[in-house]
Amino acid sequence: MYFAALLARTEDGWEASDTELDDVETLSDLTDLAREASVDEDTVLVYIEQEDAWFGVVRVDGEEDPRIYVSDASAAARSSYGEILLTDEMLGREPGAEVEIAALEELVGLDGTEDGEPEEAAAGGGSRAEVGDPDLDQDIDAVPAGPLGDRGLLSDLGVSEKDLLTLRTDALAEIADALGAAEVLEAVR
């Protein structure tokens with residue numbers, strides 16, 4: 001179960017709205033959604049949460065690149081919405097690395113044989129996964145456990161890096177409280 005909300009700063013304070021992410025497939029889509037909610041290119045925060053497993057915050061300030069924080073990258077990587085937030089840059093990958101990895105995975109099946117090669121031909125009689133090939137292990141572990149991203153993205157709004165790192169359950173309520181937006185958020189929840 002997911003929950004997503006937008007918090008948009010205006011002249012009169014913060015405005016909150018829950019939002020559907022059905023049409024969001026990329027970080028660009030999410031950024032566009034945030035910019036549409038912006039008044040005079042003010043700050044917009046997009047909050048996404050998956051049942052206390054992880055949460056993510058995307059901050060969009062006008063036309064600047066979005067700033068992203070994810071509370072648990074490995075949990076988010078197993079989620080379709082989390083995958084949107086985990087960019088190659090955040091993961092320390094070369095842009096397009098996922099496409100290359102997917103192409104390699106298609107060439108070499110899970111049994112360690114190339115397409116069309118009989119299974120008996122796998123050297124040593126074991127698959128790469130069984131043998132413990134370090135290259136394969138590195139691909140599997142490419143997403144680190146724990147927090148990832150811009151830990152200071154809310155510092156100027158009253159949520160320090162330390163506070164952000166300690167948030168677990170009901171993180172959105174605590175963030176909204178620090179912003180002075182708890183009442184407007186509660187109205188849309």
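Analyst: Asp 61 is found in strand β4 of what is a predicted model. With a relative accessibility of 15%, Asp 61 counts as buried, because the limit for that class is under 20%. Its side chain makes a polar contact with the side chain of Arg 59, at 2.8 Å. Beyond the neighbours within four places in sequence, Asp 61 is in contact with Glu 41 and Thr 43.

Strand β4 (residues 54-61) pairs with strand β3 (residues 43-50) in the antiparallel sense, over eight bridges. Within this pairing, Gln 50 stands opposite Trp 54 of β4. The two strands belong to an open sheet of six, ordered β2-β1-β3-β4-β5-β6, in which the pairing is antiparallel. Its edges are formed by β2 (13-18) and β6 (148-149), each of which pairs on one side only.

Helix α1 (residues 27-37) packs on this sheet and touches β1 (2-10), β3, β4 and β5 (67-70), its direction making about 130° with that of β3. Helix α9 (residues 171-179) lies across β1, β2, β3 and β4, and runs at about 160° to β3. In α1, the buried residues are Leu 27, Leu 30, Thr 31 and Ala 34. These residues cover an arc of only 100° around the axis, and therefore lie on the same side of α1. Their cover includes β1, β3, β4, β5 and α3 (80-85).

The structure holds three aromatic pairs. One of them joins Tyr 2 and Tyr 81 edge-to-face, at 4.7 Å centre to centre and with 90° between the planes. Because Tyr 2 lies in strand β1 and Tyr 81 in helix α3, this pair ties together parts that are 79 residues apart in sequence. Tyr 2 is partly exposed, at 30% relative accessibility, whereas Tyr 81 is buried, with a relative accessible area of 16%.

Ring pairs link Phe 55 and Tyr 69 with Tyr 47 into a cluster.

Note on methods. Residues numbered from 1 in each chain as written. Predicted model: local features only at pLDDT ≥ 70, side-chain atom pairs only at ≥ 80, totals over all residues. Heavy atoms only, no water. Pairing = 2+ DSSP bridges. Helix = DSSP H or I, 4+ residues; strand = E, 2+ residues; numbered from the N terminus. Contact = heavy atoms within 4.5 Å. Axes fitted to C-alpha atoms, helices over the stretch in contact; angles between N-to-C directions. Buried < 20%, exposed > 50% of the residue type's maximum accessible area, 1.4 Å probe, protein only. Polar contact = N/O pair within 3.5 Å; in protein donor to acceptor, adjacent residues only side chain to side chain. Arc of directions from axis to C-beta. Phe/Tyr/Trp six-rings, centres within 6.5 Å; stacked < 30°, edge-to-face > 60°.
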